Amino acid sequence: MNRTLDAEAIEAGIQELARQIRATLGDEPIALVGIRSRGDEVAERLCRVLSEDDPDLMLGVLDISLYRDDYEHLHENPQLQGSEIDFEIEATRIVLVDDVLFTGRTIRAALDALCDYGRPGRIELAVLIDRGHREMPIQADFVGIRLETSRHDHVYVSLEGTDGEDKIEIKPA
Amino acid sequence: MARKDLLELAHLEREEIDRILDQAVPFKELFTRSVKKVPALKGKSVLMLFYEPSTRTHSSFEVAAKRLSADVTNFDVPHSSVVKGESVRETVETLQAMRTDYIVVRHGRSGLPAMIARQTRASVINAGDGAHAHPTQGLLDAFTLKEVFPDPAGRRVLIVGDVLHSRVARSTCNVFRRLGAEVAFLGPGSLLPKHGAEGVRRFTDYREAMAWGPEVMYLLRVQMERQDVQYFPSLREYHRVYGVTRERLAELDDKGIWLMHPGPVNRGVELCDEAMDYGRSLINRQVENGIAVRMSVLYTLKPGSENPASD
């Protein structure tokens, strides 16, 4: 059976993420880095909320296309869009942001990509949705929405800025 | 639709050209990072098969492949001036056994890369075949042109020199025109194609060509080692008639004309010494862009896939 989450649920998820991150804000410089695509939009929306607490909050975008582990299985390589990391990454606290945490492979790739820019002070992970079924020892520090899914379900995330509307659909395989 | 080989630009759809050029932008951005390498082609092998000498193209491909984390092997080609079809076939069989993923090939004979491509599942990239094509040169020139003119439509480019025997002219002219630029040739009548493509003007007189109003002047290299020498009385004469002399450099500067050259420059032939420091020279940028564009080509091709039926 299909399940959907609406715009209100997504907004609540973003507010929940913001609340969790806000509780950890200190004096150190912090940067939100969103993973293309849609992680960048989640990071942008989080940044809008959190910049009231920390006006110096930095924002970046990471394209992990060149760091994937599944080229062999792809008919065509993913379209490269590039990263935008315009701040000094050295010794900075980085919060990686993505829309869905599933197998953990994207995050593995993102960690590699990020570390090629320098040596961050530390890296944490914030995800709008954690749907479980990890294939790697990776966990999120901040989670907006926890979703019960089975391994083969498809989770489709649409976001206002990227897709024109806020919606999450969970479809069984 | 993934493509296996890059043999000539005429095979590529406009969207494929745009995609390669667009993706070269993020590849170029990597050059400013402390780590310039990405793991995209980790574990893949690139074989350099150069039957003709080349320093620039060879090292550009090698750097591009290494920045993608591929392993690069140089295949030592026998230095015989004529390599027969038979032995090339044997070479390809050897390469097949080596299970290489990409083959970058340069050969004096037109069509040879295409022949190799048909016999292997590896992706074959033509790095120059005879007077036929040099597609990655065309792409890197297009990328460089777009950095100066994001929309090249209607921009005027004058290609100067031995257009007839130049694979660079062929590939670069092809892609510039497909991006909408207007192209004209300038050179000795004997070195211009008798029947140029429609819409390409031909000039034999420098002043007439300048009156056409080019915004970019693309100088072809005089091929000392090839046939060019017999077509004009002397290199000094070539410089006087078609080269960018000191006086002409001042005129280019005055009119804000950009300068391109595929390298390596024959100083005192295509260009005077002073032109090396010309403010609107794109020559060094072409070299840097060549790496980014070749990374984009390697990343875009898919070994083992089929080429579109149009090839």
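**Helix α2 of chain B**

I started with what the buried residues of α2(B) pack against: β1 (45–50), β2 (71–74), β3 (102–107), β4 (123–129) and α10 of chain B. For contact I required C-beta atoms, placed from the backbone, within 7 Å. Helices (H or I, at least four residues) and strands (E, at least two) are DSSP runs, numbered from the N terminus. I am reading a predicted model, where local features need pLDDT of at least 70, side-chain atom pairs count only at pLDDT 80 or more, and totals for chains, interfaces and linings use all residues. Residues are numbered from 1 along each chain as its sequence is written, and chains are lettered from A and ligands numbered from 1 in the order in which they are written.

I listed the buried residues of α2(B): T57(B), S60(B), F61(B), A64(B), A65(B) and R67(B). They fall within an arc of 165° seen down the helix axis, so they line one face of α2(B). The arc is that of the directions from the helix axis to the C-beta atoms. A residue is buried if 20 or more other C-beta atoms lie within 10 Å of its own, exposed if 12 or fewer, and partly exposed in between.

α2(B) spans residues 56–67, twelve residues, and reaches 16 Å from first C-alpha to last, close to the 16 Å expected at 1.5 Å a residue. The expected span is 1.5 Å times one less than the number of residues. After the helix comes S69(B), with a positive phi near 70°.

**Domains of chain B**

The bounds come from an automatic or database domain assignment. The contact takes 21 residues from domain 1 of chain B and 19 residues from domain 2 of chain B. On the domain 1 side, α1 (14–30), β4 and α10 of chain B each supply at least two residues. α10(B) gives the most to that side, with six residues.

**Largest nonpolar core**

I counted a core as buried Ala, Val, Leu, Ile, Met, Phe, Trp, Tyr and Cys residues joined through C-beta atoms within 7 Å. The largest one has 134 residues, and V97(A), L68(B), I103(B), V104(B), I159(B) and L298(B) touch the most other members. Helix α10 (residues 283–300) of chain B gives the most to this core, with seven residues. Both domains of chain B give residues to the core, so it lies between them.

Beyond four places in sequence, I103(B) touches L47(B), L49(B), L95(B), I116(B), T120(B), A122(B) and V124(B).

**G128(B)**

G128(B) lies in strand β4 of chain B. I find G128(B) buried, with 25 other C-beta atoms within 10 Å. Leaving aside neighbours within four places in sequence, its contacts are T57(B), R106(B), H134(B) and R167(B). L112(B) is 16 residues from G128(B) in sequence and 9.8 Å away, C-alpha to C-alpha.

α2(A) has twelve residues and reaches 16 Å, close to the 16 Å expected. Its buried residues are G39(A), D40(A), E41(A), V42(A), A43(A), R45(A), L46(A) and L50(A). They pack against α1 (7–22), β2 (30–35), β3 (58–62), β4 (93–101), β5 (122–130) and α4 (160–163) of chain A.

D112(A) sits in helix α3 (residues 105–115) of chain A. With 15 C-beta neighbours inside 10 Å, D112(A) is partly exposed. I noted that D112(A) touches Y67(A) and P39(B), not counting residues up to four places away in sequence.

Most residues other than glycine have a negative phi, and most peptide bonds are trans. I noted the following exceptions.

- The R36(A) to S37(A) bond is cis, omega near -20°; S37(A) is in the loop between β2 and α2 of chain A.
- The G263(B) to P264(B) bond is cis, omega about -10°; P264(B) is in the loop between β9 (258–260) and α10 of chain B.
- A91(A) has a positive phi near 65°, and with 12 C-beta neighbours inside 10 Å it counts as exposed.
- R99(B) has a positive phi of about 55°, and with 9 C-beta neighbours inside 10 Å it counts as exposed.

**Confidence**

I checked the scores last. Mean pLDDT of chain B is 91, and 94% of its residues reach 70 or more. pLDDT is the predictor's confidence in each residue, from 0 to 100. The predictor gives the complex an ipTM of 0.87 and a pTM of 0.92.

Notes: Contact = placed C-beta atoms within 7 Å.
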